Amino acid sequence: MSAQATHAAGQRVPAVHATGAAQPLRTVDLRAQHGPDVTLTYPDLHLPPGSAVAITGPSGTGKTTLLHLLAGLLRPSAGQVWYGDLNLAGAGESRRDAFRRRQVGYVFQDFHLMPGLSALENVELGLRVAGAAHPRETARAALDAVDLGHRLRHTPAQLSTGERQRVALARAAAHRPALLLVDEPTAHLDPDRAGSAVELLLNLRAALNATLVVVTHDPDVAARLPQGVHLGRTPRAAPESM
Ligand SMILES: Nc1ncnc2c1ncn2[C@@H]1O[C@H](COP(=O)(O)OP(=O)(O)OP(=O)(O)O)[C@@H](O)[C@H]1O
């Protein structure tokens, strides 16, 4: 797949704390097991810091599971996930927790916002979990960066779908993660809003110099990212240019 987008780096993503130099993300012979019947196997990935890749493939081929593996939310049944010299598959729970809190920004397909909290409180909560020094101010700046400075006090139910997604993105990006993992960013959006959502993702990735991994069914989204990995039913297709 080819990249057509050139990205202007957004300047407004706030600094939280230094997390060290970004590291490459690699997988080796990765497999995941869901119960006795589902074994998912993956092509090896090698994502240098700042790279951006679309994960595509038919339903059920393991795209969301791959994001969970890369985030350290799920342990593989075999193989390794390396972030620099940290092997997530072999790391203890506290090390994986620290990795997730500091290095990972994850945007769930259904956003997973707390319904009783305002936009500001949702982002602030994420920053508190990440151990940020000035969570209120940083959350405000992160919401400004996604053009939601005028919706700080709204709860998720009072926001449009696109706005909810931008709150989720602000929450994922506010602590300046090295990895931005995004599940189906355009699933709930019309084509115009889908284009804006991808633009925002690319701008955030450039501003953070983060590695961006996007799971998508949408060929237009995949075409906007510089690299692509297509997951097929067995045998798996080899990744392009990796
Ligand atoms: N927690 C789980 N328990 C049991 N099976 C699971 C679990 N999570 C996923 N699976 C199964 O693993 C396979 C891959 O699921 P996954 O959600 O990763 O695929 P996907 O490619 O993201 O699918 P979709 O495009 O439909 O979202 C599916 O067969 C799914 O039913």
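A residue is called buried here if 20 or more other C-beta atoms lie within 10 Å of its own, exposed if 12 or fewer, and partly exposed in between, with C-beta atoms placed from the backbone. The model is predicted: local features need pLDDT of at least 70 and side-chain atom pairs count only at pLDDT 80 or more, whereas totals for chains, interfaces and linings use all residues. Residues are numbered from 1 along each chain as its sequence is written.

**The whole chain**

The mean pLDDT is 87, and 88% of the residues reach 70 or more. Select residues 1-18 next: the pLDDT is below 50 there, although this stretch has 47 contacts in the model beyond near neighbours in sequence. Two residues are in contact if their C-beta atoms, placed from the backbone, lie within 7 Å. Where pLDDT is low, the predicted coordinates should not be read in detail. For the complex, the predictor gives an ipTM of 0.97 and a pTM of 0.88.

Switch to a cartoon view, in which helices (H or I, at least four residues) and strands (E, at least two) are DSSP runs numbered from the N terminus. The chain has 7 helices and 10 strands. Of its 242 residues, 43% count as buried. Among contacts between residues at least 6 apart in sequence, 74% join residues at least 24 apart.

**The sheet**

Select S7, S8, S9, S4 and S10, which form an open sheet in that order with parallel pairing. Strand S7 (104-107) and S10 stand at the edges with a single partner strand each, so one side of each is left without a neighbour in the sheet. From one strand to the next the twist averages 15°. Angles run from 0 to 180 degrees between N-to-C directions, and axes are lines fitted to C-alpha atoms, for helices over the stretch in contact.

Strand S8 (residues 179-183) runs parallel to S9 and is joined to it by 5 bridges; Asp183 has Val215 in S9 as its bridge partner.

S4 pairs in the parallel sense with strand S9 (residues 211-215) over 4 bridges, and Val53 stands opposite Val213. With strand S10 (residues 227-230), S4 also pairs in the parallel sense over 4 bridges; here Thr56 stands opposite His230. In a regular strand the side chains alternate between the two faces of the sheet. Both faces of S4 are covered, with Ala52, Ala54 and Thr56 buried on one side and Val53 and Ile55 buried on the other. Since 5 of its 5 residues are buried, S4 is largely enclosed by the rest of the structure.

**The ligand shell**

Show the ligand and the residues around it: His34, Gly35, Val38, Leu40, Gly57, Ser59, Gly60, Thr61, Gly62, Lys63, Thr64 and Thr65. By class, the shell has 2 nonpolar, 9 polar and 1 charged residues; Ala, Val, Leu, Ile, Met, Phe, Trp, Tyr, Cys and Pro count as nonpolar, Asp, Glu, Lys and Arg as charged, and the others, Gly among them, as polar.

**The helices**

Select helix H4 (residues 135-145), where Pro135, Thr138, Ala139, Arg140, Ala142, Leu143 and Ala145 are buried. Their cover includes helix H3 (119-130) and helix H5 (161-173). Just after H4, Asp147 takes a positive phi of about 60°.

Move to Ala132, in the loop between H3 and H4. Ala132 is buried, with 22 other C-beta atoms within 10 Å. Its C-alpha lies 9.3 Å from that of Ala174, 42 residues apart in sequence.

Finish at Leu201 in helix H6 (residues 191-208). Leu201 is buried because 26 other C-beta atoms lie within 10 Å. Leaving aside its neighbours within four places in sequence, Leu201 is in contact with Val182, Pro185, Leu212 and Val214. The C-alpha atoms of Leu201 and Val146 are separated by 9.9 Å, and the two residues are 55 apart along the chain.

Key
Near = placed C-beta within 6 Å. Pairing = 2+ DSSP bridges. pLDDT = per-residue confidence, 0-100.
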